[in-house]
Amino acid sequence: MSTSSSSRPPNPASPLQAVPPAGNPLLASGLPADCFAACPVRPSIVFQQLFANSLDGVVITDKDAVIAEVNPSYERLTGFTRTELLGQKAGIVKSGLTDPEVFRQMWEALQGAGHWTGEVINRRKNGEIWYSFLSIVALRGPGGEVIGYVGMARDVTAMHAASEALSAQLREIRATQKVTIETLARIAEFADPLLEGHLERIQAYSRILAEDLAQRGGWTEMGALVEMVEQSCLLHDLGKAAIPSSILLKPGRLSPEEFALMQKHTVIGGELLGDADDELRAMLQVDESFLSMARDIALYHHERWDGKGYPHGLKGPAIPRAARLVALADVYDALTSRRVYKPPYSHEDARAIVIGAAGSQFDPEVVQAFLRQEQSFINVLKANKLPETG
Ligand SMILES: [Fe+2]
Ligand SMILES: [Fe+2]
């Protein structure tokens, strides 16, 4: 298939032969005057050997992209012999699978800067598809006009397949995480059926707050964590699965003893998720796993900004950020939902309570985000059917 360079017939169509030998074209390209001075062989020999022996395919065309010369590696990559390629349009190796926009940008770059690098999908003579990492340089004549092109192609099919496999694995991991969290959240729903609508709404409210705060100084890291907040908040009441239904479903207010037991849902959820998080982090040797935030939210979503919350009485910035915003989302939803001991509050009444709790129950910055996004909260409230009992 491959033709040795020594047996190659001369190619009169080569655009290189059209360049007049006058002057030093290397100087014209801005290279230093002593460039190649220390080379053991003449530059032309360097390029000949590079052309003949490079493992990258090299193709030289005239200004109309008609192939004027190819090296043995280009023959090997494309499956075509030199004789079959010479005189053909460079497009002979196209697969039709490359986005046309790539060729448009390639053409624009070659006419402008005079060089382009990118990836195209080619087809070998036998029909096989291969990914080519291609670098093309425009060849210019003495007057600066484009008289041809030289392209260097590297077969990156194997690399491409590996990165595709990696992306597929990443998608699988993300999907597994999402389904795992949703399944765990359903366990809590079994114990407390009211959680179902509550979880959907708290997810929407938490996302609204996280997206808003990610735009603010000091909260910018939240930008990369919006999805994680949205998923992790589903597990905030996971610990309720371990609270007796006589307490969870009790029609009426809880006694102090019952309330103390109910408060334990934070510690139970935090321990469950914390154990899983510890194991994952140890196995993966990472500082944080996808359950780290879920553990923080479960454990700290009833902490208060003034330190009077539970279970640990954490104060102010000591409370993890995600737990601070889920705390507001949780209370807003409880206020606007019907309970056996109260009707659902209107948005306006809930809003007044949230504002009144800024700096005591809630982080004032989270309350500010709530006020900025008030309309979005109202939209979620209107769009979701409120629980009729509870
Ligand atoms: Fe809770
Ligand atoms: Fe809740």
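Over residues 1-6 of this predicted model, pLDDT, the predictor's confidence in each residue on a scale from 0 to 100, stays under 50, and the model has 14 contacts for this stretch beyond four places in sequence, two residues being in contact if their C-beta atoms, placed from the backbone, lie within 7 Å. Over residues 12-24 the pLDDT is again below 50, with 22 contacts beyond near neighbours in sequence. Where pLDDT is low, the predicted coordinates should not be read in detail. For the protein chain as a whole, the mean pLDDT is 89, and 90% of the residues reach 70 or more. Confidence is lowest in helix α1 (residues 25-28), with a mean of 49, and highest in strand β2 (residues 67-70), at 98.

Residues are numbered from 1 along each chain as its sequence is written, while chains are lettered from A and ligands numbered from 1 in the order in which they are written. Because the model is predicted, local features need pLDDT of at least 70 and side-chain atom pairs count only at pLDDT 80 or more, whereas totals for chains, interfaces and linings use all residues.

**Overall form**

The protein chain holds 15 helices and five strands, where helices (H or I, at least four residues) and strands (E, at least two) are DSSP runs numbered from the N terminus. Its radius of gyration, taken over C-alpha atoms, is 33 Å, well over the 21 Å that the globule rule gives for 390 residues, so the chain is more spread out than a compact globule; that rule is 2.2 Å times the number of residues to the power 0.38. Along the principal axes, the C-alpha atoms fill a box of roughly 100 × 40 × 40 Å. The chain is divided into domain 1 (5-155) and domain 2 (164-383), with bounds that come from an automatic or database domain assignment, and the C-alpha centres of these two domains lie 59 Å apart.

Of the 390 residues of the chain, 31% count as buried. Leaving aside residues up to four places away in sequence, I297 touches S232, C233, L235, H236, A322, A323 and V326.

A153 is found in strand β5 (residues 146-155), and its contacts beyond four places in sequence are D56, G57, V59, Y74, L77, S132 and L134. L299 lies in helix α11 (residues 292-300) and, with residues up to four places away not counted, touches T266, V267, G269 and G270. L299 and G269 are 30 residues apart in sequence, yet 6.5 Å apart in space, C-alpha to C-alpha.

| Residue | C-beta neighbours inside 10 Å | Class |
|---|---|---|
| A153 | 24 neighbours | buried |
| L299 | 24 neighbours | buried |
| A65 | 16 neighbours | partly exposed |
| Q285 | 6 neighbours | exposed |

**Backbone in the loops**

Most residues other than glycine have a negative phi, and most peptide bonds are trans. A65, in the loop between β1 (57-62) and β2, has a positive phi of about 65 degrees although it is not a glycine. Q285, in the loop between α10 (256-284) and α11, likewise is not a glycine and has a positive phi of about 55 degrees. The peptide bond from Y310 to P311 is cis, with omega near 10 degrees, and P311 is placed in the loop between α11 and α12 (321-336).

Note on methods. Buried ≥ 20, exposed ≤ 12 C-beta atoms within 10 Å, placed from the backbone.
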